[in-house]
Amino acid sequence: MIKAEWFYWLVGLSFLVMAGQMLTDRSNAKRLGTAAFWGLIGAGFIYSSWVVSGRAPAEPLGAAVLVMVLLAGCGFTGRGTPRTTTPAERTAHAARFGSRLFVPALTIPVVALVCAVGVARLRIGGEPVLQEGSETILGLGIGAVVALVVAMVMLREKRLSVPVAAGRSMLESMGWAMLLPQMLATLGAIFQVSGVGTQVGKITTAVLPDNSLYTAVVVYCVGMFLFTMIMGNAFAAFPVMTAAVGWPVLVEHFHGNAPAVLALGMLAGFCGTLVTPMAANFNIVPAALLELKDQYGPIKAQLPTAGALLGCNIVIMALFAF
């Protein structure tokens, strides 16, 4: 059986190798902090396997996260000059291969689909080839490895250090923002366990006028919008606002159509994703990778769309969900 744990180990090892490169790169004045930041992430991917199995305590992972926050928040991370292909070499490759350069990138979803649909059904000696329940994540990992091999063969690149250095360059370009989605997902779980949704529900019930359907719809949609802005992820905001307003007020009290109410609520949350830097993978990372002069440019461009869509979701829910 191919286990998902192996994929996480591979990811951790990749981070550790890149951290080693960062540590020896004297072009980065902050190489020690940068190497420590990404090295802790790599070690965390590997160490967490023992935490999940109960063979190691979780406290060191929490301490590592706090150290990473200090390193990034206090400006101890920076960007070096990786030894990878030159701009002239990349321009030559682009002119030579044209649209075929997309083949490695498209290899990843193709392999992932094959693994999730086809390989997931294969069994050897009665055991599944891929760990049950992890077929998609394993397909993604296998697809990434296959795509790397395809790219190196296609570009006739024999040095593994070149793609590793290119990956490291991308890590340093995105910086700490790359980890924000994982951090925010954890924050959503903490909010749910700590009963934030219950408390918000009590406050909302006390403030909302009796039998005011339209006000409740506005509160739910705008609440999803605002909580998504705070948490950076509509999936993290969803359990909070749905436990507070969506289910007890709109579905149970006003007898709304549950799939319609909850789907439109999620869409209202996605409007918040468009206008928050907390959704780093959507709004901050692309600006960093494209080296835009204004890192908040995507948010400013998306504001009108977000406002219009939020209004449409409110109207659609009020008219058609009850």
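Trainee: Is E132 buried or exposed?

Mentor: E132 counts as exposed because its relative accessibility is 51%. Buried means under 20% relative accessible area, exposed over 50%, and partly exposed in between (1.4 Å probe, protein chains only). The model is predicted: local features need pLDDT of at least 70, side-chain atom pairs count only at pLDDT 80 or more, and totals for chains, interfaces and linings use all residues. Residues are numbered from 1 along each chain as its sequence is written, and side-chain values use heavy atoms, leaving out hydrogens and water.

Trainee: Which side chain does E132 meet in a salt bridge?

Mentor: A salt bridge is a side-chain nitrogen of Lys or Arg within 4 Å of a carboxyl oxygen of Asp or Glu. Here E132 meets R123, at 2.8 Å from N to O. R123 counts as partly exposed, because its relative accessibility is 48%.

Trainee: How many salt bridges does a search of the whole structure find?

Mentor: The search finds five. One of the pairs is R159 with E157, whose closest N and O atoms are 2.9 Å apart. R159 is partly exposed at 46% relative accessibility, whereas E157 is buried at 18%. In another pair, K300 and D294, the closest N and O atoms lie 2.8 Å apart. K300 is exposed, at 54% relative accessible area, and D294 is partly exposed, at 30% relative accessibility.

Trainee: Which residues are linked in a network of salt bridges?

Mentor: That network links D25, R168 and E172.
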